[in-house]
Amino acid sequence: MRAITGAQIRAARALVRWTAEELASSASVGISTIRRAEAEDGLPTITAANLKLIRIALETAGIEFIPENGGGVGVRFKK
């Protein structure tokens, strides 16, 4: 599983129109973990386990994370 950035988390949460509290609840992590992850544009300084939980919650909500491919990382809705 590839790492995701704080910027991707912010963008993904905006796409699904979740508050930070809703993401925290869906991912079973604390709100401070979400805020700490989103404060970074690059790799968040949170545990790998918490990052995985956040990623799974957002993917379950219909988000696809786009890796660095020459155009930069991003997010979009899954088809």
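Q: Which kind of link joins the side chains of arginine 35 and glutamate 21?
A: A salt bridge is called when a side-chain nitrogen of Lys or Arg lies within 4 Å of a carboxyl oxygen of Asp or Glu. The side chains of arginine 35 and glutamate 21 meet in such a salt bridge, at 3.2 Å from N to O. This pair links distant parts of the chain, since arginine 35 belongs to helix H3 and glutamate 21 to helix H2, 14 residues apart; helices (H or I, at least four residues) and strands (E, at least two) are DSSP runs, numbered from the N terminus. The model is a predicted one, in which local features need pLDDT of at least 70 and side-chain atom pairs count only at pLDDT 80 or more, while totals for chains, interfaces and linings use all residues. Residues are numbered from 1 along each chain as its sequence is written, and side-chain values use heavy atoms, with hydrogens and water left out.

Q: How many salt bridges does the rule give, and where is the one formed by arginine 10?
A: The count comes to 5 salt bridges. Arginine 10 pairs with aspartate 41, the closest N and O atoms being 2.6 Å apart, and this pair links distant parts of the chain, with arginine 10 in helix H1 and aspartate 41 in the loop between H3 and H4, 31 residues apart. Arginine 10, at 30% relative accessibility, counts as partly exposed, whereas aspartate 41, at 54%, is exposed.

Q: Which residue meets glutamate 64 in a salt bridge?
A: Arginine 76 does, with an N to O distance of 3.2 Å.

Q: What does the side chain of arginine 13 make a polar contact with?
A: A polar contact is a pair of N or O atoms within 3.5 Å; within protein, one must be able to donate a hydrogen and the other to accept it, and residues adjacent in sequence count only if both atoms are side-chain atoms. The side chain of arginine 13 makes one with the side chain of glutamate 38, at 2.7 Å. Arginine 13 lies in helix H1 (residues 6-16) and counts as buried because its relative accessibility is 18%.

Q: Which residues of H4 are buried, and what do they pack against?
A: Leu51, Ile54, Arg55, Ala57 and Leu58 are buried in H4. They cover an arc of only 160 degrees around the axis, which puts them on the same side of H4; the arc is that of the directions from the helix axis to the C-beta atoms. The buried residues pack against H1, helix H2 (20-27), helix H3 (31-38) and strand E1 (63-66), while on the other side of H4, Ala48, Ala49 and Thr60 are exposed.

Note on methods. Buried < 20%, exposed > 50% of the residue type's maximum accessible area, 1.4 Å probe, protein only. Contact = heavy atoms within 4.5 Å.
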